[in-house]
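Colleague: I'd like to learn how to read surface patches on a model. Can you walk me through some?

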Amino acid sequence: MLKPAEKEDLNQISLTGMRALVIVCLLVEAPRSLQEIRDELLRLNILDRDSSNDILRIDLNTLRHMGWKISRASAKTDYKYVLLKQPFCLSFGDDELALLRKIYKRLRENNDINLLIKYDRLFQKIANTICDDKSKEALLGLSIFKHFDTKMVKDLMIDAEYNNIVELEYYNPAKKSQNKKQVSVQKIVFKNDKLYLYGYDYGRREPIVLNIQRILKILGRKPSEGGVDTPEYKIKYHLRSFGLDSLEPEEKIIESDENGYLIEGRYFNEFFATQRVLSFGPRCTVLEPKEFRNKIIMKLCEMREVYDEQSGG
């Protein structure tokens, strides 16, 4: 925030130029009404209280003449001036976009949602200074949040921290319908380029995983009632030729030898455990529990049968 000026310090500067700079700063931050602009200039002592608002309108027209595209204040803009375009645009080439895409891809692999939200905000700020619409869209398209309500995601992360109970409206693509759910939020996870809510469904009395992109609306929230533990599906398996930096937070090495690693995984449910194990292919051997091992063998047999049918073997 700018500090109010002392009258004796204003003798050697152009008040018109100073007002123009402050107006630009205000409009860059957010749309402003004429009264909001006037109040800030008065607070900074660079506008006299008996000065007419026509002075401010002249300042705005001067900025427009210099290349700042500023909307008219009308009912359409809630009677506020909106900065539509500024003359100091950045040029963003394909090489810069390719480098950012490469860096962002590495960041996504860390699954740090807070960091990815910060980058989404950075991309939006940079995009506001790019002249070329195609480059602007390409930059905004890098963010995983391009199709998300980031405020909703941040609110859900707070809900997960406190295990709040959230009432929400959710779209079920299989049934092509939407319904209300009451869910205890336990974890927000970025996995396979999607955001998921892990929680407990009070209606069905079971753990649930929701694709956040299908949450249509948050209807309400309240503190947790307690008594709901985070579900955990524990398995053990042996891995060969596996990069240690690829381990997920829910996985840990129990022991290792020249043939590979003994891994203990603690997953949200059996479905995610199955997905993870199958992703390793022939490098993975499931050890326990025995029931899960048998299910994986059956799943592999089914996959083999489908493959044989398709290949005519």
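Predicted model: local features only at pLDDT ≥ 70, side-chain atom pairs only at ≥ 80, totals over all residues.

Colleague: Which residues make the nonpolar surface patch, and what is its area?

Modeller: Ile 13, Leu 15 and Met 18 make that patch, and its area is about 200 Å².

Colleague: Where is Leu 15 found?

Modeller: Leu 15 is found in helix H1, which covers residues 15-29.

Colleague: Is Leu 15 buried, partly exposed or exposed?

Modeller: The general idea is that a residue needs over 30% relative accessible area to join a patch. Leu 15 has a relative accessible area of 33%, so it counts as partly exposed.

Colleague: Okay, now the charged side. Which residues form the positive surface patch?

Modeller: That one is formed by Lys 118, Arg 121, Lys 125 and Lys 154.

Colleague: Which helix gives the largest share of the positive patch?

Modeller: Helix H5, residues 113-127, with three residues. Arg 121 lies in helix H5.

Colleague: And how should I read Arg 121, buried or partly exposed?

Modeller: Look at where the value falls: under 20% would be buried and over 50% exposed. Arg 121 comes out at 41% relative accessible area, so call it partly exposed.

Note on methods:
Residues numbered from 1 in each chain as written. Heavy atoms only, no water. Patch = residues over 30% accessible without salt bridge, like charges linked within 9 Å, V, L, I, M, F, W, Y side chains within 5 Å. Areas by Shrake-Rupley, 256 points an atom, 1.4 Å probe, with all protein chains shown as cover. Salt bridge = Lys/Arg side-chain N within 4 Å of Asp/Glu carboxyl O. Helix = DSSP H or I, 4+ residues; strand = E, 2+ residues; numbered from the N terminus. Buried < 20%, exposed > 50% of the residue type's maximum accessible area, 1.4 Å probe, protein only. Lys, Arg positive; Asp, Glu negative; His and termini not counted. Charge placed at Lys NZ, Arg CZ, Asp CG, Glu CD.
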